[in-house]
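Let's take a friendly walk through this structure, one spot at a time. Have a look at it first, then read on.

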Amino acid sequence: MRKTSLDLVYQLAKSDERIVFIGSDLGVGTLAEFSREIPGRFLMEGVSEMNIVGMAAGLALEGKIVYVNTIATFLTRRCFEQNVLDLGLHNVPVRLISNGGGVVYAPLGPTHLAIDDLAIMRSIPNMAIVAPCDAEEMKRLIPQTVDYPGPMYIRLGKGGDPVVSSPALPFQIGKAIPMATGDDALLVTTGITAKIALEAATALGSQGIGCTVLHMHTVKPLDLEALLAHAGRVKAVVTIEEHTVIGGLGGAVAEVLAERAFEPVKRFKRIGIEDVFPHGYGSQASMMEHCGITVERTIATVQDLLAPRTS
Amino acid sequence: MSDPLSIGLDERSLALRRTIIRTLGAGQRGHVGAAFSLVEILRVLYDDVLRFDAAQPKWPGRDRFILSKGHGCLALYALLADKGFIPEAELWKFCKSDGLLGGHPEHHIPGVEASTGSLGHGMSIGLGMALNARMDTSGARVFVVIGDGESNEGSIWEAALSAGKHRLENFCVLTDYNKHQSYGSTAEVQDLEPLVDKWRAFGFGVVEVNGHDVGQLQAALRALPAETGRPTAVICHTVKGKGIKFAENNMEWHHQNKVGPQDVERLLAALEGR
């Protein structure tokens, strides 16, 4: 997903002189062709996220479209105030491409786990947030980012993520994609958890439980129309995200459902990382398992929500 | 170098300070000391150095100016009104709900390139603008004024590393070095010395001036870059509250609120040496 996105930025930069790339201290050889062929618009500024985001804002205020790339935690937490004031307040076209959204960097421990990036960025006015589910969807996203107004946070997965998106389903920033349809439960996902939702929906379908899977690749602005339309048809809504349950996709959906106040009320559950720093190392997959962000838990959660209530 | 404390102020410097005092009175609050240490720096920039067209604030060929120490905005507003970027009447609505001008400058104000107020942001934004001017070979220069207290921020030194690396000749950072920050003297709170050596070590050509000496400021800013192939740092030795004897180097005058008509009269009288 990362290679796909950066290669596309390079391809776009070749024909669009507004496009500038800024990296922090990326892996050796990253975008080597870009740096060789368009050195004037390729910047590698070192481990200095505050300065990088400010610089990007300055360039964007002058008419450039700036793509910034580094690790998600550093691009959200370290330079949060620059994200708020330099990007959000000035409402400039800077695209923050963040490596390792979620628990991708599980082997590196808690300093590198971006468990709160969606919540952090969601609090910033004018900031759009997009989390594609695979590299194919990333290909459809990046060209749309060029002329999208205002700043944008783009969350990358691990790379080599199984492809679950389909070119047959049109991609548009801000428009959720229904990937499966059913009338009993709504599974809302973002990023790579689309795959978990689809597998859970298939398994539940074989038990006679129909699930709609709504891939909310754009967490902000949230596609309220799609969310409310699909939520209106079902009895239960479950959000699945590789993120803390506080303030991310689950939080966003909860806010909408609470304010909409369906009657009868929709049963609702957020699946994600509980309010803890996940302990241990391992792989992204084992950390997801450890945190309970799994197909099995999704199935059990839907079954539980749809079960007759005893009270 | 002449002495920042004892050097006198000419009629233009006094007139700008009168405007600042009246603006302060209109808003009944403001960062007085920080604005008064800045007046000659801004005056020389706008009178003698910056290329701009107040009728077309976004004229592409303009030099860019960012007041990164945004709390010094009273001085900036006086110059923006003086040059015709904004109507003078806006000064008398300072900090009012229907006014254009608040306690920190915002980029929707004609002539203001970037919103500042939280310290440590303007230099990186200016650096991006200077890089853009180089990419586009526009010839635009970028001037950023930072504070000495602001120089405690790590982001200032991140930006300094980057500007030095890029050898940005069109980038000039002026430090309003009045030696005082909110809690006390910079020497006590977070000593910056040796400040000239620091900027030099980060790859800047460095000039030191008396920041209230119009002639020295003009000479330094008309001879940019200070060194070929390097960004310039101008260390402006200033006096917080310059021009008002009882406010000079007096931390009670860092920020004032509840400023009434009597305070305005007292400040105006002190300015005239009465």
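## Two helices crossing in chain A

Start with helices H9 and H10 of chain A: H9(A) passes H10(A) in a right-handed crossing. (A crossing is left-handed if the near helix is turned anticlockwise from the far one by less than a right angle, and right-handed if clockwise; helices are DSSP runs of H or I with at least four residues, strands are E runs of at least two, and both are numbered from the N terminus.) On the H9(A) side, the contact is made by A:Leu224, A:Leu227, A:Leu228 and A:Ala231, and on the H10(A) side by A:Val253, A:Val256, A:Leu257 and A:Arg260. Contact here means heavy atoms within 4.5 Å.

H9 covers residues 224-233 and H10 covers residues 249-260, and the two pack at an angle of about 60° with their axes 11 Å apart. Axes are lines fitted to C-alpha atoms, for helices over the stretch in contact, and angles run from 0 to 180 degrees between N-to-C directions.

## What kind of model this is

This is a predicted model, where local features need pLDDT of at least 70, side-chain atom pairs count only at pLDDT 80 or more, and totals for chains, interfaces and linings use all residues. Residues are numbered from 1 along each chain as its sequence is written, chains are lettered from A and ligands numbered from 1 in the order in which they are written, and side-chain values use heavy atoms, leaving out hydrogens and water.

The predictor gives the complex an ipTM of 0.97 and a pTM of 0.97. Chain B has a mean pLDDT of 96, with 100% of its residues at 70 or more; pLDDT is the predictor's confidence in each residue, from 0 to 100.

## Helix H4 of chain B and its partners

Now for a pair that spans both chains: helix H3 (residues 49-61) of chain A packs with helix H4 (residues 122-135) of chain B at an angle of about 50°, with axes 6 Å apart. H3(A) and H4(B) are therefore oblique to each other. (Under 35 degrees counts as roughly parallel, over 145 as roughly antiparallel, 65 to 115 as roughly perpendicular and the rest as oblique.) Residues making this contact include A:Met50 and A:Gly54 from H3(A), and B:Ser124 and B:Leu127 from H4(B).

H4(B) also packs with helix H5 (residues 154-166) of chain B, at an angle of about 20° and with axes 9 Å apart. That pair is therefore roughly parallel, and H4(B) passes H5(B) in a left-handed crossing.

## A closer look at A:Asn99

Is A:Asn99 buried or exposed? A:Asn99 is buried, with a relative accessible area of 6%. (Buried means under 20%, exposed over 50%, and partly exposed in between, using a 1.4 Å probe and protein chains only.) A:Asn99 sits in strand E4 (residues 94-99) of chain A, and a polar contact of 3.3 Å joins its side chain to that of A:Arg2. A polar contact is a pair of N or O atoms within 3.5 Å; within protein, one must be able to donate a hydrogen and the other to accept it, and residues adjacent in sequence count only if both atoms are side-chain atoms.

A cis peptide bond joins B:Glu193 and B:Pro194, with omega about 0°, and another joins B:Leu224 and B:Pro225, with omega about -5°.

A:Leu31 isn't a glycine, yet has a positive phi of about 50°; A:Leu31 counts as buried at 10% relative accessibility. A:Asn91, also not a glycine, has a positive phi of about 55°, and A:Asn91 is partly exposed at 38%.
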